Each structure stands twice: as structure tokens, then as C-alpha cells.
Amino acid sequence: MTTNTIDLLKSVANITSKQNKPAIKTALLDELENLLTFDVITLLKVESNSTKEHRHQMELVAIRYNESAITDCLETDFSSDPQVLNCVTDKHYQVGACDKYNQLTLPLLVKNQVYGVLVIYLAKLDKTLIKTIEQLTNITANLLGTIHESEIDTLTGLLNRKTLEHNLSDFFSDLKPREPHLCPSEDVHNWLVILDIDNFKLINDKYGHTYGDEVLLLFSDIMKHNFRHSDMLFRYGGEEFIVVISFVTESQVIDILERFRLAVVSYLFPQVGRVTMSAGASRINPSLHPNTVIEQADKALYFCKENGRNQVALHHQLAVKKLIEAVDIDSDIELF
Ligand SMILES: Nc1nc2c(ncn2[C@@H]2O[C@H](COP(=O)(O)OP(=O)(O)OP(=O)(O)O)[C@@H](O)[C@H]2O)c(=O)[nH]1
């Protein structure tokens, strides 16, 4: 490695100049590419499966490789690679070998949790190089942690409204099928759902804000347990939540929301007892402005509230039945 202090500081400056998570990850790979003579660099996202102990899902975030690096390492299944698994368990870098290369595997640690793993295959490796890459990775992880913190609602741990608003159009265009073989079709859609706890003001008034907050927290736990990992969960404000459910049919989305409604109704909240919620859903049509989609869901939710609460409604079904006036489609706004 021919790295001097100025090059390293330039790398740090470049990584820390980025303001969103994808750009920071790209900058880390760019800087490693500048600093190292590497053959393959792979960045993985690690999702720990809390229901199955010591099971981790690995998602490939990015890969860079040298054109001449024809290696079996490219075929590695990282979810079962011993070095990757040791790295996640020990929360410490691992040095080993793959094919003819050194394999350096480093954790991206945020609050002592492994958020990602960097796997680098390179011909030459020494202690100084390992320590340099480790510190660059630590700086990147610290920055990712700070950004992550700003995207999260502090009470519930769900994504916050600011994150929803900043990324709404990207979320809409980036939604991918839950199952790779599923493609958007006439029957399968993405859905935006607003969930709202019924009569929450009464809960606050009767039991106080601390119990009110506990209901919000437990409600978000029920959300985390009932919706799929691929569904995006947000706290939209007060007692309002948003879920983006991808690639399901109309009858499936109704089943999913009914199942959730029943999970809430059957939950015994400490002190407060039974709580109900209402849900308004709208089909995500990428040609619509995201705010129009939210407005449609809100209108369906309002219908539920006006008609007894503790129920689920879809905007377009209500509009077709002429139970509500359809929210205008504003196709003039070009966001996509
Ligand atoms: N405890 C607690 N209360 C909150 C929080 N954010 C908003 N609220 C309260 O949530 C209540 C929401 O009341 P409303 O908008 O009238 O809705 P609601 O009583 O749930 O009635 P419906 O939605 O019509 O069923 C208000 O009293 C807010 O003060 C919070 O973070 N914690």
C-alpha cells in the first residue's frame, strides 16, 4: 500500500462529506478502491433474525472487483461463510484466505451491533493495512449510525416522518418484489396504509401520557411482529403510522390489514386494556404524486373513523362504490 496521511485524511473527508446512507457506502468503496490494490470488495448488509438465534440474513449491497480477478471467491455464499459469521459473532475483523487471496472481513459496528460487513480479497495484506482499513470502516460506521439515528422515531424505533418525506419518491420507484419471481402485474400492487389508533385522546386523558406513550410503543411492537420484514414501517405523527406493503394483491392487502387489526384488538395493553385501530389504504400508482397517495389513504381512514372505527378500508374500493369522492389525480407533477 502506498498510503500517506494526507491521502487517508482526503478519504475521511470524502466519506464524511456525504449526507445519506447510500452515498456514504459508495464513498467508502470509492476510497478503498483508491487506497488499496484489491481484487474484490463486497459490502453486505446484515439483518439479525431475532426469532432464530444466531441466524443472520446477508444482503449484498455493493461489489467492486478488479477485471482480472477471476476467482471462486466471487461465488461465495456469505450467509454461510465462516469468516463472515465469525465477524458478525465476534464483532471483530477476521483474516483468512479464499482461493489465492487474503480475505479480510470487517464489521460495520453501530452501537455495538453489526450493521454490515465488508469483505475484501487482496493479494497482499499486512498489519498496518488491516488497521487502516479498520479505522476507515469505523469512521464510516459511526457516520452511518448518526444518520440512522436521525431517521428513527425515538419512542418507537420506527422510521420517522422526516425520513418518509425525504425518501417518498425513491421509496415509490424502488419498491422491489418480496419474492424475486413476483413481478408487478395487474393484480399485484404496492400499497400505502395509514394506521391510526382509535380514540387515542381518550387514552391519554384517562390514563395519562406515560400510558399513552406505552400504547404507542406496544402498538409499534405489534406492527414489527405482524408486518413482513420487507414492509416499511413509519411513525407518521402522534398516533398515526404508515406502512408501505409491497407486491401483494388487493385481497392479500385486506387480509394483511385485517390480521393486524385483530392482533391489535386481541392485545391486552397494560392498564389500558383493549385498544382498536383503523386503517386506510391506497394503491401506489407510480404515476401519482406520493402526497396524492397519502391523501387517498387518509380519506379511506377518515371514512373508517366516521363509520364506527376498528376497521380497514381501501380508497379505490370506497371510490368505486361512491362511498367517498375519489381524491383527484394530479398527474401534472413530475417526480418520477
Ligand atoms: N401520549 C402521547 N400522546 C400523543 C403523542 N402524540 C400525539 N398525542 C396525542 O394523541 C391524541 C390524538 O387525538 P385525536 O387526533 O383527536 O385522535 P383520537 O382521539 O385518536 O380520535 P380518532 O383518531 O378519531 O379515533 C392527541 O390528544 C395528542 O395530544 C405522543 O407522542 N404521546
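How do helices α7 and α8 lie relative to each other: parallel, antiparallel, perpendicular or oblique? In this predicted model, the axes of α7 (residues 209-226) and α8 (residues 250-265) come within 10 Å and cross at roughly 140°. Angles over 145 degrees would count as roughly antiparallel, and 65 to 115 as roughly perpendicular. The two helices are therefore oblique to each other. The crossing of α7 past α8 is right-handed. On the α7 side, Phe219, Ile222, Met223 and Asn226 make the contact. Their partners on α8 are Arg259, Phe260, Ala263 and Val264.

Turn next to helix α2. It covers residues 21-35, 15 residues in total. From first C-alpha to last it reaches 21 Å, close to the 21 Å expected at 1.5 Å a residue. Asn20 caps its N-terminal end. There, a side-chain oxygen of Asn20 lies 2.9 Å from the backbone nitrogen of Ala23. The buried residues of α2 include Ile24, Ala27, Leu28, Leu32 and Leu35. Lys21, Lys25 and Glu31 are also among them. An α-helix has 3.6 residues a turn, so residues three or four places apart point the same way.

Two residues stand out by their backbone angles. Most residues other than glycine have a negative phi. Asn112 has a positive phi, near 65°, and is not a glycine. Phe247 also has a positive phi, of about 55°, and is not a glycine either. Where do Asn112 and Phe247 lie? Asn112 is in the loop between β4 (101-110) and β5 (113-122). Phe247 is in strand β8, residues 240-249. Asn112 is exposed, with a relative accessible area of 51%. Phe247 is buried, at 6%.

Technical notes:
Residues numbered from 1 in each chain as written. Predicted model: local features only at pLDDT ≥ 70, side-chain atom pairs only at ≥ 80, totals over all residues. Heavy atoms only, no water. Helix = DSSP H or I, 4+ residues; strand = E, 2+ residues; numbered from the N terminus. Expected span 1.5 Å × (residues − 1). Buried < 20%, exposed > 50% of the residue type's maximum accessible area, 1.4 Å probe, protein only. Polar contact = N/O pair within 3.5 Å; in protein donor to acceptor, adjacent residues only side chain to side chain. Axes fitted to C-alpha atoms, helices over the stretch in contact; angles between N-to-C directions. Parallel < 35°, antiparallel > 145°, perpendicular 65-115°, else oblique. Left-handed = near helix turned anticlockwise from the far one by under 90°. Contact = heavy atoms within 4.5 Å.
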